[in-house]
Structure formats: C-alpha cells, structure tokens
Amino acid sequence: MKKWRMALLLSTLLFSSCDELFDEENGFLSNGTIVKGLKEMLVLGTHSASGQLSMADGYFADEAVKIMLPPEADIIVDNISLVPGGNLLIEQILLGINRSAEDAAREAAPIFINAITDMSIVDGLTILNGDNDAATTYLRNSTYTELFGLYQPKLQASLDKKLIGNVSTNSLWATLVGQFNSVANTLVGQMAGLQPVNTQLDGYLTDKALDGLFLKIAEEEIQIRTNPAARGTDLLNTVFGQ
C-alpha cells in the first residue's frame, strides 16, 4: 500500500500539466488525458514490478522469472559429477544470481521515469489502441539500451557483494568454472570433448533480470487494461473503461 501511494504521488507530480479529463466541447477523452492515464499506468506498473522483484525470492521463487545458469554452462551441468561438490556449487550460484537480481531491482523504478515523461500523444494513441502489453513494449523499446547500461554495473556490484555464506556469487561461479575447466583441459577431458567455459555472469544476468522485470510490468499493464478492480484511480478507470 505504501508503494502504491508513493507511485500515485510521483505520477501526480510528473504529469499534472496534462489536459483535463474530458474535452468539454466535444465530450470525449482528450489526447492529453489518454497520455496522462498511460503514464500513470506505467508509473504504477514499474513501481509494482520492481517492488515485487526486489523482495527476497522475488526472482528465485517465481518460476516465470527465475534466472538459471547461462546456456554455456549446460556442459558443466551435464558433467557435474566431474566437479567435487559441483551440485552444491550450482545450487549456491543459482540462489546467488537470483539474489543479485533482487538486490539490483531496488534501483530499477527511477530509471523508467524519463521514458515515461517523454511519451508523446502519438505514442499514447498507438499504445491505447495496441495490444494489452503495448505500453510495456513501448517502455522496453525506449529504455532497454540505457537501462542495460545503468543496470549492469548495479548487478556487477551485487555479484561481487557477499550474499551467500559470506561469499560472493562471482566467487562461487569462478570456483565452479575453474574446477570444471581444470578437468576440461586435461587429456581425459579433451578426449571426452569437453570445452572450457569462459562466460561472464554480469551481461547474461542483466539481460535475464530485465526480461523478468518487463514481464512483470506487462502483467501489471494487462491487469489494469482488463480488470477494473486493478485500476484504483478515477483517471485509470476513465481511460481504460472506455
């Protein structure tokens, strides 16, 4: 409830200059009202999504967004019996990378504000008449490159933070990869066709963390568009109830 009130206050401060709710002369929604409603929806959606994902197990316990090891690590998983304590290491790394994403999600919501405030009337009309996740698609297209650049250092810092048993996720990953590569580089490993793994977690994790974030924003948008009980304000009811 506190996050909801904060998001509404932010929405009011940012978008109070838009047109009135109705075109008084013609009796239909003004373009300014439509854009204002879409912006309010995105403010609420981004705050809600980042709030959900920043909680403990926000990523880890949600199968829709849980981050798994990068595909390059499949060869390690398939041959994990060759690595001493490998199964435990994988479990710790999976928990660690999801904790890192949860940690970074706390910083996500403010990054969206510029893209939301820059939405034009043309953008708004296209979004209103688009698919149920059209606003999320607009936001993703408008922010992804900048968001990746801002988000990746936060995730990198989180990967280096001691989160699991006073050990960082990057340390656990380096241990797993180092032990596997030592096997892969032996004659036996080469004869078995094993290839060393050199994946850095931060870029992969940033992509997957953002995928999960936009998925949650899309869920919020679909709820507001299709479920009157999820709207919560007169403006959202006015725009999406038409």
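The axes of helix 7 (residues 134–160) and helix 10 (residues 201–226) come within 8 Å and cross at roughly 140°. The crossing of helix 7 past helix 10 is right-handed, a term for a near helix turned clockwise from the far one by less than a right angle, left-handed being the anticlockwise case. The contact of helix 7 with helix 10 comprises 16 nonpolar, six polar and six charged residues. Here Ala, Val, Leu, Ile, Met, Phe, Trp, Tyr, Cys and Pro count as nonpolar, Asp, Glu, Lys and Arg as charged, and the others, Gly among them, as polar.

The model is predicted: local features need pLDDT of at least 70 and side-chain atom pairs count only at pLDDT 80 or more, while totals for chains, interfaces and linings use all residues. Residues are numbered from 1 along each chain as its sequence is written, and side-chain values use heavy atoms, with hydrogens and water left out.

The protein has 11 helices and two strands, where helices (H or I, at least four residues) and strands (E, at least two) are DSSP runs numbered from the N terminus. Their order along the sequence is α-α-α-α-α-α-α-β-β-α-α-α-α. Of the 242 residues, 45% are buried, meaning under 20% relative accessible area, with exposed over 50% and partly exposed in between (1.4 Å probe, protein chains only). Among contacts (heavy atoms within 4.5 Å) with a separation of 6 or more, 78% join residues 24 or more positions apart.

On the helix 4 side the contact includes G86, L89 and I90, and on the helix 8 side T169, L172 and W173. The residues of this contact divide into seven nonpolar, seven polar and no charged. The table gives the geometry of both pairs, with angles run from 0 to 180 degrees between N-to-C directions of axes fitted to C-alpha atoms over the stretch in contact.

| Helix pair | Angle | Axis distance |
|---|---|---|
| Helix 7 and helix 10 | roughly 140° | within 8 Å |
| Helix 4 and helix 8 | about 145° | 9 Å |

Helix 2 (residues 31–54) is mostly covered, with 20 of its 24 residues buried. D57 lies in the loop between helix 2 and helix 3 (74–78). Although not a glycine, D57 has a positive phi of about 75°. Its relative accessibility is 32%, so D57 counts as partly exposed.
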